[in-house]
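Open the structure in your viewer and keep the selection tool handy. We will take the tour one stop at a time.

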Protein chains: 2
Amino acid sequence: MLRLGHRPKRDMRVTTHVGLVARAFGASGMVIASVKDEAIIKRLKRVCEVWGRRDFMVMDGINPLDYIKSWKDSGGLVVHLTMYGLHIDDVIDTIRSLNKDILVIVGATKVPRVYYEISDYNVAVGHQPHSEVAALAVFLDRLYSGKELKLIYSDAKLYIEPSPREKRVIVRDQPR
Amino acid sequence: MLRLGHRPKRDMRVTTHVGLVARAFGASGMVIASVKDEAIIKRLKRVCEVWGRRDFMVMDGINPLDYIKSWKDSGGLVVHLTMYGLHIDDVIDTIRSLNKDILVIVGATKVPRVYYEISDYNVAVGHQPHSEVAALAVFLDRLYSGKELKLIYSDAKLYIEPSPREKRVIVRDQPR
């Protein structure tokens, strides 16, 4: 997942949510375009330490157009989430069936036109203004057909036992 | 939808996203517990003016426990979204089949124990830490079986025509 337009102070919480959704919904990492933000990297790494997925990749200060071009050159697919795109229901089966490594782009501020052009698919999670956090979650949920919400990671120190009214947090004996 | 634990400056953007998701994914309103935040009310009302759903209800400074109790007294169902709850896949069909008015509770900070007890269902959109914005979106998406993402509101001034690479915004002649 590639996060465009991040503004370190202003977007701190929303970009953290975007990163946590990427991790929890099965993406393999988050790349923050253009700017550095050590605070967010630390927060995400900390969650991965405790709840697993230490292989979740987080990078910042990356040139986004270079990154996208090299992604495409390696045979990957680029999907930009935007309310102006094609409806998710009309394209998700095609996107899944291509069976390619997918780079999902989510913007914070207004996304420059070049990203609409360079992306293989501009996909709308509905055509109403809402949230890139929600768009990413629903896109990944549809892509993985909901299976991602059952994941427990083998390197987690803690995991949750579902409960009707309690908070049951289990400490794993031997996280790998 | 009831938003707990909102801190006006710190959570401004995330609570706005939560409210926009509520509106876009078919909820009938957002109630901000305890505190007043005129800036968020204005933002959401502005989106409703332009993109429709002027009937979307936004209230702030509401006593949350009183609100929940009167909701239950009127025969409504209370669902609290939390990573500690029962997995969404295990309860969503039951919740839908009850066919009651649902109050969805989403927290910002740590949610006090009383809300776990007073809720009819504590529901986990996966058992990983992520985002209340994502949890609300996926819960509503599953509840409405994805139909909510096709909505265009009859009182919208603008709507989007899906496009593979363009931004096509249509101005309605006569918004109702």
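Which residues of α4(A) meet which residues in α6(A)? Select Ile88(A), Ile92(A) and Arg96(A) in α4(A), and you will find Phe139(A), Arg142(A) and Leu143(A) of α6(A) in contact with them (C-beta atoms, placed from the backbone, within 7 Å). By class, this contact has four nonpolar, no polar and two charged residues (Ala, Val, Leu, Ile, Met, Phe, Trp, Tyr, Cys and Pro count as nonpolar, Asp, Glu, Lys and Arg as charged, and the others, Gly among them, as polar).

A word on what you see: this is a predicted model, where local features need pLDDT of at least 70 and side-chain atom pairs pLDDT 80 or more, while totals for chains, interfaces and linings use all residues. Residues are numbered from 1 along each chain as its sequence is written, and chains are lettered from A, ligands numbered from 1, in the order in which they are written.

Now show both helices whole: α4 (residues 88-98) and α6 (residues 132-143) of chain A (helices are DSSP runs of H or I with at least four residues, strands of E with at least two, numbered from the N terminus). Their axes lie 10 Å apart at an angle of about 50 degrees (lines fitted to C-alpha atoms, for helices over the stretch in contact, with angles from 0 to 180 degrees between N-to-C directions).

Next, select the open sheet of chain A, with six strands in the order β3-β2-β1-β5-β4-β6 and parallel pairing (at least two DSSP bridges between two strands). β3 (57-62) and β6 stand at the edges with a single partner strand each, so one side of each has no neighbour in the sheet. In the sheet, pick Leu2(A): opposite stands Ile105(A) in β5(A). α4(A) packs on this sheet too, touching β4 and β6 of chain A.

Finally, show chain B: the contact takes 41 residues from chain A and 41 residues from chain B. On the side of chain A, α1(A) gives the most, with six residues.

Key:
Two residues are in contact if their C-beta atoms, placed from the backbone, lie within 7 Å.
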